[in-house]
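Subject: Handing over a structure

Dear colleague,

I am passing on the structure shown here, together with some notes on what turned up in it. Please keep it in view while you read.

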Protein chains: 2
Amino acid sequence: MRRFFRYPVRLVPFGFLVAILLGTGLLMLPQASVEYEYTPFTTALFTATSAVSVTGMSVVDTHTYWNTFGLVLITVLTQVGGLGILTGAALVILLVARQLGLRNRLLVQAETTEYGIGNVRGLLLRIAVIALVCEAAITLVFAGRLWLGYDYPPGRALWYGLFHAVQAFNNGGFSLYPDSLLRFARDAWICLPVAAGTIIGGLGFPAIFDAARTWRRPSRWGVATKLTVWGSLALLVVGFAGLLAAEWANLRTVGSYGWSGKVLAVATQSASLRTGGFQFIDMAELDEESYPLLIALMFIGGGSASTAGGIKVGTFFLLASVIWAQVRGEPDVTVGSRRIAGTSQRQALTVALLSVALVVAGTTVLIGLAEDVRDYRVLFEVVSAFSTTGVTAGLAAHLDDAGQFVLIALMYVGRVGPLTLGSAIALNTRRRLYRYPEEQPIVS
Amino acid sequence: MRRFFRYPVRLVPFGFLVAILLGTGLLMLPQASVEYEYTPFTTALFTATSAVSVTGMSVVDTHTYWNTFGLVLITVLTQVGGLGILTGAALVILLVARQLGLRNRLLVQAETTEYGIGNVRGLLLRIAVIALVCEAAITLVFAGRLWLGYDYPPGRALWYGLFHAVQAFNNGGFSLYPDSLLRFARDAWICLPVAAGTIIGGLGFPAIFDAARTWRRPSRWGVATKLTVWGSLALLVVGFAGLLAAEWANLRTVGSYGWSGKVLAVATQSASLRTGGFQFIDMAELDEESYPLLIALMFIGGGSASTAGGIKVGTFFLLASVIWAQVRGEPDVTVGSRRIAGTSQRQALTVALLSVALVVAGTTVLIGLAEDVRDYRVLFEVVSAFSTTGVTAGLAAHLDDAGQFVLIALMYVGRVGPLTLGSAIALNTRRRLYRYPEEQPIVS
Ligand SMILES: [K+]
Ligand SMILES: [K+]
């Protein structure tokens with residue numbers, strides 16, 4: 001066991017697993033459900049995984065199934081999943097890193113280079129402050145609106161505000177309403193803070209800190225920050241424009257709204273698809289042309305080391321840069337006057353292709369298990385789970401246990417990251433002291 | 001114009017384009033159709049593109065629409081597409097390569113390293129001999145079987161044998177029967193030569209020559225040959241086993257056959273899916289579980305510099321090696337005691353991701369154009385066109401002109417190769433005399 005954990009890359013998947021199993025045990029207790037009965041293992045496991053992985057997909061109606069204790073549990077698990085384990089694991093790795101040889105240090109470079117070794121306490125503090133300030137702000141606006149605009153009693157308004165604020169900032173996606181946040185799709189007081197929280201939480205701390213440090217001079221940002229910030233902006237615009245065009249006349253979604261309602265609902269939904277998970281548009285009623293766009297947005301996801309999932313914006317645009325360089329016949333891959341190291345390229349490639357493979361595998365298995373569903377909704381649901389987005393086209397709740405286990409596995413792997421999980425399992429712990437001669441095979 | 005063609009990577013897409021346009025013009029003539037009328041431009045363009053790109057998809061019934069002159073044209077275009085342009089362009093590039101600087105030489109290394117500079121005439125001869133011997137052998141067996149087993153008159157048997165032999169070896173996929181080769185699914189005399197021709201033509205000359213040169217010592221094969229030969233074998237086995245399991249009890253395909261009929265039909269079909277294109281099983285009646293497997297097999301395709309399409313077997317397994325190395329935390333990517341150069345990795349990555357992007361884009365557009373088709377058949381058809389496989393789930397013939405143009409574009413890009421086409425358009429013809437400092441962004 002000690003030998004196993006000598007490699008810090010193995011701590012992350014293990015930490016998530018422990019949190020999920022603890023959450024499952026607690027959610028199974030009668031004290032957590034409205035009916036005061038033991039919750040079946042699969043339901044509890046699904047809910048705990050969905051919360052810890054900040055997916056927000058559910059197989060029961062959140063508000064009518066779980067009582068206050070259950071909902072608090074979900075809130076805590078979401079907060080732990082979105083912030084705690086992520087930063088916790090990063091910090092553990094950071095601390096352990098100093099005792100490691102060069103090769104292992106390469107594996108943990110992710111955290112060390114971004115956070116800066118030696119400032120652990122300051123880092124923790126800054127992360128906590130950002131999270132608390134954002135969540136408090138969203139809570140206040142959300143609760144105030146429910147209180148003043150919808151006549152909720154103050155206590156209930158506050159609880160609803162807090163619950164959805166935590167979900168929004170952590171890109172969680174659980175909702176106390178059976179229709180997610182659909183009923184607020186044209187209410188800017190709800191839409192805007194939720195969208196803002198989703199975007200900030202989904203940018204990731206490395207990008208936020210780096211951008212904040214030199215916000216007057218974007219040209220001085222690191223490559224990862226540039227890719228993440230400008231890439232996120234581009235994806236928001238593309239998602240907004242594409243979804244607006246596809247759904248403009250769809251009467252089952254936003255077709256009946258006025259133009260400002262259309263703009264608000266579509267803008268909020270496109271922010272929430274990367275990978276917040278609240279629904280402001282009914283995903284089961286989308287125009288079929290919207291599916292490929294939404295699937296792509298979910299698959300790309302948010303920023304690195306953020307509360308969002310997917311292959312990450314930086315990965316996507318780094319790969320785009322590699323392709324562009326190759327097509328142009330350039331010897332180097334450059335982003336904003338910086339040459340991208342081969343190891344970063346390989347890492348991005350691995351993450352993207354492993355993700356494609358997992359989505360294909362998950363879709364294949366689920367098609368077999370859900371024989372009556374014959375369109376792109378299976379793929380949609382699989383990408384939603386894997387990218388920890390959590391929007392649903394109505395499939396999750398109708399799956400049997402086997403189907404639910406597939407989604408559980410996808411949420412877990414999606415949150416931990418396929419490369420991290422793969423490394424944890426297959427890491428070569430012996431060092432090779434020689435190199436083979438190089439060859440340049442032509443394979444395309 | 002001369003300036004444009006100073007970069008030989010631009011010759012390949014141009015050559016295919018010329019052949020397609022010539023073919024379109026000839027096929028439009030009344031002399032080519034049974035009805036002796038002018039063929040509409042879109043139909044002729046689709047057929048010419050389908051033949052030159054060795055896809056074999058068709059929008060009219062090949063045998064009842066085209067007369068003998070038309071069918072001979074299709075045969076010639078297939079032969080030109082499968083062999084002529086491919087080797088022709090390779091040779092032109094080979095010849096031009098000597099006059100080029102280092103950077104352009106990198107772009108054409110594909111051909112030069114594999115074929116060996118300086119042996120152009122010998123190379124041409126060997127390619128021609130292999131093609132002719134294979135096609136003659138298939139013709140003889142096919143024609144003999146039709147003559148002796150199905151009572152065809154000798155001349156007709158020979159013509160049918162020749163037509164399908166050319167299609168088989170070139171991975172073309174056009175057939176003189178309205179049901180492709182479905183009626184012969186349990187006839188080993190037809191299945192086996194067609195499957196053998198498809199596999200040999202789809203391995204590619206580099207792999208065939210390299211493997212033949214040192215066939216006693218597979219350990220001495222080049223990396224590309226190892227990846228291609230062993231990878232093709234693995235894919236054949238996986239395709240056979242997966243398809244057999246999925247379709248075993250499907251009465252609309254092979255469920256009613258005896259076990260030997262099932263084995264023969266499924267084995268031949270799985271060989272033909274990478275990317276021969278004859279149908280021995282009705283693709284419109286497949287069990288839905290089969291689609292992901294078939295889509296994956298088509299997408300991967302055959303060997304490099306072969307008559308098959310797809311991203312290529314070598315690309316796929318090279319990327320698998322990159323992923324494996326990254327997951328294991330290895331500093332180098334190795335295949336059989338050879339380190340893989342970064343430039344090869346980048347090339348494979350670019351081909352794979354550009355292909356994914358094109359398939360996604362094509363599917364998105366076609367979903368919009370074929371509003372009534374709501375399952376995976378659109379994706380199936382798009383991958384079939386892009387990988388120049390040409391099997392159809394029944395969509396192609398029902399598309400309007402716009403939809404047909406999408407498939408035409410996919411077949412063309414699929415045959416030329418997205419990296420080659422992209423480079424031809426976007427090649428940076430100015431040299432950069434400086435390098436930027438390196439950075440190692442962490443993006444996943
Ligand atoms: K989510
Ligand atoms: K074909």
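**What was found**

Helix 8 of chain A is followed by Gly204(A), a residue whose phi is positive, near 95 degrees; helices here are DSSP runs of H or I with at least four residues, numbered from the N terminus. Please bear in mind that this is a predicted model, in which local features need pLDDT of at least 70 and side-chain atom pairs count only at pLDDT 80 or more, while totals for chains, interfaces and linings use all residues. Residues are numbered from 1 along each chain as its sequence is written, chains are lettered from A and ligands numbered from 1 in the order in which they are written, and side-chain values use heavy atoms, with hydrogens and water left out.

Helix 8 of chain A is made of 16 residues and spans 22 Å from its first C-alpha to its last, close to the 22 Å expected at 1.5 Å a residue (the expected span being 1.5 Å times one less than the number of residues). At its N-terminal end the helix is capped by Asp187(A), which places a side-chain oxygen 2.9 Å from the backbone nitrogen of Trp189(A). Among the buried residues of this helix are Ile190(A), Cys191(A), Pro193(A), Thr198(A) and Gly202(A), where buried means under 20% relative accessible area, exposed over 50%, and partly exposed in between, for a 1.4 Å probe and protein chains only.

Helix 16 of chain A, residues 401-416, also has 16 residues and reaches 22 Å, close to the 22 Å expected. Because 12 of its 16 residues are buried, helix 16 of chain A is largely enclosed by the rest of the structure; Gln404(A), Tyr412(A) and Arg415(A) are among the buried ones. After this helix comes Gly417(A), which has a positive phi near 100 degrees.

**The largest cavity**

How many cavities of 30 Å³ or more does a search of the whole structure find? There are three of them, a cavity being a set of points, on a 1 Å grid over the protein atoms alone, where a 1.4 Å probe fits but cannot get out. The largest holds about 70 Å³ of space, a volume being the space filled by probe spheres set on the points, which are joined across faces, edges and corners. Its lining (residues with an atom within 4 Å of a point) includes Thr198(A), Gly202(A), Ser232(A), Leu236(A), Ala271(A) and Arg274(A). Helix 8, helix 10 (223-247) and helix 11 (259-276) of chain A each give two or more residues to that lining, and the largest share, four residues, comes from helix 8 of chain A.

The potassium ion that is ligand 1 is coordinated at 2.6 to 3.0 Å by the O atoms of Val54(A), Thr55(A), Asn171(A), Gly172(A), Thr275(A), Gly276(A), Thr388(A) and Thr389(A). Donors are N, O and S atoms within 2.8 Å of the metal, or 3.2 Å for Na, K and Ca, and sites may look incomplete, since water is not among the atoms. Thr55(A) lies in the loop between helix 2 (41-52) and helix 3 (62-65) of chain A and Asn171(A) in the loop between helix 7 (154-169) and helix 8, so the pair ties together parts that are 116 residues apart in sequence. Both Thr55(A) and Asn171(A) are buried.

Ser53(A) is found in the loop between helix 2 and helix 3 of chain A and is buried, with a relative accessible area of 1%. Its side chain makes a polar contact of 2.7 Å with the side chain of Thr55(A); such a contact is a pair of N or O atoms within 3.5 Å where, within protein, one must be able to donate a hydrogen and the other to accept it, and residues adjacent in sequence count only if both atoms are side-chain atoms.

Thr55(B) and Thr388(B) link parts of chain B that are 333 residues apart, and both are buried. Val54(B) has a positive phi of about 45 degrees although it is not a glycine, and at 0% relative accessibility it counts as buried.

**Backbone details and a contact between chains**

A cis peptide bond joins Arg274(A) and Thr275(A), with omega about -20 degrees, and the bond from Arg274(B) to Thr275(B) is cis as well, with omega near -15 degrees. Thr275(A) lies in helix 11 of chain A, whereas Thr275(B) is found in the loop between helix 11 (259-272) and helix 12 (290-300) of chain B.

Finally, Ser423(B), in helix 17 (residues 418-426) of chain B, counts as buried at 3% relative accessibility, and its side chain reaches the backbone oxygen of Val327(A) at 3.1 Å.

With best wishes

How values were computed. On a 1 Å grid over the protein atoms alone, a cavity is a set of points where a 1.4 Å probe fits but cannot get out, and a pocket is an open set with protein on both sides within 12 Å along at least five of seven lines; lining residues have an atom within 4 Å of a point.
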